[in-house]
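Morning, everyone. I have one structure to show today. Have a look at it first.

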Amino acid sequence: MKMLKVHGSNNDFFILDGKNLDKQLTEAELSILARKVCDRKVGLHGGADGILFVTASGHTGVVGKMRVINADGSEASMCGNGIRTVARYLSEREHAAYFKIETMYADLEVKKATPFAPDVQAFDAEISPVSFDAVDLKMHLAGKTKLVNDYIPELSETLKFSAVAVPNPHLIAFVSHDVLTGPELGRIAAYLNNGQNLLFPDGVNVSFVEIQKPRQIFVRTYERGVGYTNACGTAMSASSLMYALLYPEQVKLEDLISVFNPGGMVKTRVHQRTNGAYWMSLIGNATFVATVEVAQSAALEGDFKDISWKETGEQAAYEDFATAISKGEQE
Ligand SMILES: N[C@@H](CCC[C@H](N)C(=O)O)C(=O)O
């Protein structure tokens, strides 16, 4: 079985193309494979945040289908950092620069973007559909059908949250720098993703957002099915939407927003269609780290003694880029 280790803002994945399997996987095996391969301690070469499973799409004019399997084996409806890397993979495989990828709820447009730096390739992905509806969020708050900049007393007496599905569920709070870097995010997100709480029984991705200056935010995310990640693309898109809606004096629809995260930086734009629906452009790196070969039967057993791992050399360029960002040399 061949896979590709990739990342967007150091949110890392293994792309598994159904064409490169030794043998067809059952649904249960796909989930087991994700848990074995992604394990940070004993998984494949340091593990990953998830598997991006690529297959053919049944939809006309769509180049391929992406399924997102979190590190804990659960399936997510979307992955913003992941779809950029799948876009690059399909773009190289199909020799196309602008096309659609099928995801659980929508066929999303992707296109090649201007590289962020030499050897730091970038792609631009549509993030949609957007919903504030508690039913779509699988959110249960007494008497509330949506939540926009409001308190959830069960979680915090001081923080205000907004809930938005893009279409995977996100809970977002705008916070000070101290709160962004402190323990509250972990406390709240671990509780909401314990599978037992009544507010989000299916879990939710939780992000804290700091406004650094107009059109520049920092987003830290604790992901459902994973835990803390270096970045979450759908969270940065959802956070950009809430930034535009809650702080219209700082950012307008269509403005380019710089979104920094612990793993790097992406750019976003918030758009609104004529029917009122919001959608976002998520523009960021799509880095190929290494090509991997492992026997499928061994991977399913979590046995990674005998693998072939060939680095592409792109990670060094990405690290130079990330260093330049952290020194404020790039906006
Ligand atoms: N890292 C992803 C989101 C992956 C899915 C998420 N953990 C969920 O369960 O919704 C991104 O970049 O969007």
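This is a predicted model: local features need pLDDT of at least 70, side-chain atom pairs count only at pLDDT 80 or more; totals for chains, interfaces and linings use all residues.

Residues are numbered from 1 along each chain as its sequence is written.

Confidence. pLDDT is the predictor's confidence in each residue, from 0 to 100. The protein chain has a mean pLDDT of 98. Of its residues, 99% reach 70 or more. For the complex, the predictor gives an ipTM of 0.98 and a pTM of 0.98.

Now the domains. Their bounds come from an automatic or database domain assignment. Domain 1 is 2–126 + 286–326, and domain 2 is 134–276. Their centres, taken over C-alpha atoms, are separated by 24 Å. How many residues are in contact between them? On the domain 1 side, 19; on the domain 2 side, 18. Contact here means C-beta atoms, placed from the backbone, within 7 Å. Helix 2 and helix 8 (314–326) each supply at least two residues of the domain 1 side. Helices (H or I, at least four residues) and strands (E, at least two) are DSSP runs, numbered from the N terminus.

Next, strand 8, residues 120–127. Seven of its eight residues are buried, so the rest of the structure largely encloses it. Buried means 20 or more other C-beta atoms within 10 Å of the residue's own, with C-beta atoms placed from the backbone. What does strand 8 pair with? Strand 7 (residues 107–117) pairs with it in the antiparallel sense, over five bridges. Strand 17 (residues 278–285) also runs antiparallel to strand 8, joined by six bridges. To call two strands paired, DSSP must find at least two bridges between them. Strands 7 and 8 form a hairpin, with two residues between them. Asp119, in that turn, has a positive phi of about 65°. Ala117 stands opposite Val120. Over on strand 17, Ile283 is the bridge partner of Asp124.

Last, the ligand. Its shell has 19 residues, and the closest are Ala76, Asn81, Asn168, Gly233 and Thr234. A residue counts as near if its C-beta atom, placed from the backbone, lies within 6 Å. Which helix gives the most? Helix 2, with three residues. Strand 4 (64–70), helix 2 (80–94) and helix 6 (233–246) each supply at least two. Domain 1 and domain 2 each contribute at least three residues to the shell.

Terms used. A residue is buried if 20 or more other C-beta atoms lie within 10 Å of its own, exposed if 12 or fewer, and partly exposed in between; C-beta atoms are placed from the backbone. Two residues are in contact if their C-beta atoms, placed from the backbone, lie within 7 Å.
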